[in-house]
Amino acid sequence: MPLLRALALVLPLVVASAARAENLFDTNEAALIEVLKTGEPAAKAIACKKLAVLGTKDSVPLLAPLLEDEQLASWARLALEVIDDPSADAALRDAASKANGQLAIGAINSLGARRDQQAAKLIVDAFAAAMKADDIEAVDAAAWALGRIGGDNAVATLRGALKNESPAVRNAAAQGLVLAAEGLLKAGQQTAAAQIYDEARGAEVPVQRQLEATRGAILARGEAGIPLLVEQLRSDNKKFVQLGLGTARELPGAQVAAALVKELETASPERAPLLIYALADRKELVDAPAIFRAAVEGDDSIQLAAIKVLARADAPQRIDALLQAAADDNADVSLAAATALADMQGTRVNGHLVELLPTANGKQLAVLLNLVGKRRLEATNAVTKALANDDAAVRQAALAAFGETVTPAQLPLLVKECVAARDAADGKVAWRALKSAAVRMPDREACAEQLAAALAGADADDQAQLVDILGAVGGKQAIDAMAGVMQQGSDAVLDAGTRALGNWMEVDAAPVMLELATSIKGDKYQVRALRSYIRLARQFKMSDAARAEMCEKALDAATRNDERELVFAVLERYPNEHSLRVAKAATAQPELKERAVRVAEAIEQNSPGN
């Protein structure tokens, strides 16, 4: 608050002089000292800020007088708090002893920030005077500073104030004691720290102070603090329960995890998930019966928490529990467990999952098959057997797994499952699996050859599916096979094929696209094929002559102005002598002349070296 008040006073000056003072950020200590001597208040404020980085003991004599200035005292303290020299402490002590009100409070705060041991007596006296005057703001500042400084005198003073009749004084004293105990704990004096924490938490102080002191008391004792930790976990006050859960994550030692497991055995459904999540955030691996039970039965929130714990290792017992949870009727639980199994690290998990396949059935078998696919495990025999399962969920899981694990030699088997699917639902999964498998085959030409072989005996709908997959595979075999079936294909085949052409990523397919654009049936499909051909000319790298040749052929094939306009746009996009030749040749056609003339003029204007 003192700093905010000072900022409020000086901010208008800073804003008004910001432009003039900006150059202070490119300077040195000597220049900044000169500003402190002669500058305007706004410039001095910025100089103080910069001296927090550049200042040394040489700046202290100029900063010290500013501690008496209500506008600049807070800015001066920014620098004095960080200057590593005893003169800075002396300046702040002098200000604290002479100043009153906010200026004194500010100086005390800075002395506390610097942990100035020589200021302890001065601040003890200030603390006593503030209590006598009932100046709570000054009491808070002095108690905080004493806690930061620490030492026997400071701690004794705070202990005495802990019994004061004023609740505000007790609150300030407790905060100071917690800070002093933290200092002792960092210094390795756990026993002394624990004693002070105990005094603070046992006093008649606000809950927040009790929480702070209780946490410290547990951590200071280490594993000996576990009984106090458990006390918090069993509390009827939610704030203390949360404190216990948080501290359980901080306190090291295997005994802490053991205590959490023991509490879990008798915990309520509301509290059990909280305990399990605390266990999940610790480093120890816990294989407790209560955790395994929690993963497969009881409240959904408990299951979700237990799954998080079990997902941290690949031990068979954990895998079995997660598999059971993955077959749960609750979709959230099932998904969490299945995801944990799919992501689980370790070498043992793969082997164990495959070992379980022959004896699994129903939903658990479906879960295992899904994991085979996600983890891409070698389990061909089990997956092939499951393709004939009477359970639709199992069959479809096997199909999906096959799509992720099938080898090139097994691809015909997956094609067969597509064209001879038991029902539409199986067929949908099978085709999706085939596409997934096809696009990951290492030899796309060989893959396309196998898919092309299936086209001959397939019906129109299956041909459309195969053409779509061929489009995703790409390559010469794929485009040739697509062109062959599209020449006499059904609407479904033409629709799938021309859509695939629209995403083709190889310019070598241009001749086939052009041929299709002029020979397949249906204006709609011819237009799609021609537009795919024009897209290749627009997007892909090729020589100027080759691009111009493609544009020329596209103009000859186009029957609509829309496609002609696309060609002209390509010519304008790549202005060169070859594009100009095509544009000028197009002026000979009456229906193209006006547009071709404009394109030729634009090319001439934008050509390199024009």
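Leu-122 touches Arg-93, Ala-96 and Ser-97, leaving aside residues up to four places away in sequence; contact here means heavy atoms within 4.5 Å. Leu-122 belongs to helix 9 (residues 120-132). Helices are DSSP runs of H or I with at least four residues, strands are runs of E with at least two, and both are numbered from the N terminus. With a relative accessibility of 22%, Leu-122 counts as partly exposed. On this scale, buried means under 20% relative accessible area, exposed means over 50%, and partly exposed is in between (1.4 Å probe, protein chains only).

A word on what is being looked at: this is a predicted model, in which local features need pLDDT of at least 70 and side-chain atom pairs count only at pLDDT 80 or more, while totals for chains, interfaces and linings use all residues. Residues are numbered from 1 along each chain as its sequence is written, and side-chain values use heavy atoms, with hydrogens and water left out.

Next come some backbone angles. Most residues other than glycine have a negative phi, and most peptide bonds are trans. Asp-134 is not a glycine, but its phi is positive, at about 55°. Asp-134 sits in the loop between helix 9 and helix 10 (136-149), and at 56% relative accessibility it counts as exposed. Arg-376 is not a glycine either, and has a positive phi of about 50°. Its place is the loop between helix 24 (362-375) and helix 25 (380-386); with a relative accessible area of 51%, Arg-376 is exposed. A positive phi, near 65°, also turns up at Gly-222, which follows helix 14.

Helix 14 itself (residues 207-221) has 15 residues and reaches 21 Å from its first C-alpha to its last, close to the 21 Å expected at 1.5 Å a residue. That expected span is 1.5 Å times one less than the number of residues. Buried residues of helix 14 include Arg-209, Gln-210, Leu-211 and Thr-214. The buried residues of this helix pack against helix 12 (167-186), helix 13 (190-202), helix 15 (226-233) and helix 16 (238-250).

Helix 20 (residues 300-310) has buried residues too, among them Ile-302, Gln-303, Ile-307 and Leu-310. Their cover includes helix 18 (272-280), helix 19 (289-296), helix 21 (316-326) and helix 22 (331-343).

Further along, the axes of helix 34 (residues 523-539) and helix 36 (residues 561-573) come within 10 Å and cross at roughly 5°. Axes are lines fitted to C-alpha atoms, for helices over the stretch in contact, and angles run from 0 to 180 degrees between N-to-C directions. The two helices are therefore roughly parallel (under 35 degrees; over 145 is roughly antiparallel, 65 to 115 roughly perpendicular, and the rest oblique). Among the residues that meet are Val-527, Leu-530 and Ile-534 in helix 34, and Leu-566, Val-567 and Val-570 in helix 36. By class, this contact has 7 nonpolar, no polar and 5 charged residues. Ala, Val, Leu, Ile, Met, Phe, Trp, Tyr, Cys and Pro count as nonpolar, Asp, Glu, Lys and Arg as charged, and the others, Gly among them, as polar.

Finally, the cysteines: a search of the whole structure finds 0 disulfides, a disulfide being a pair of cysteine sulfur atoms within 2.5 Å. For Cys-418, the nearest cysteine sulfur is that of Cys-447, 12 Å away. Cys-418 is buried, with a relative accessible area of 4%.
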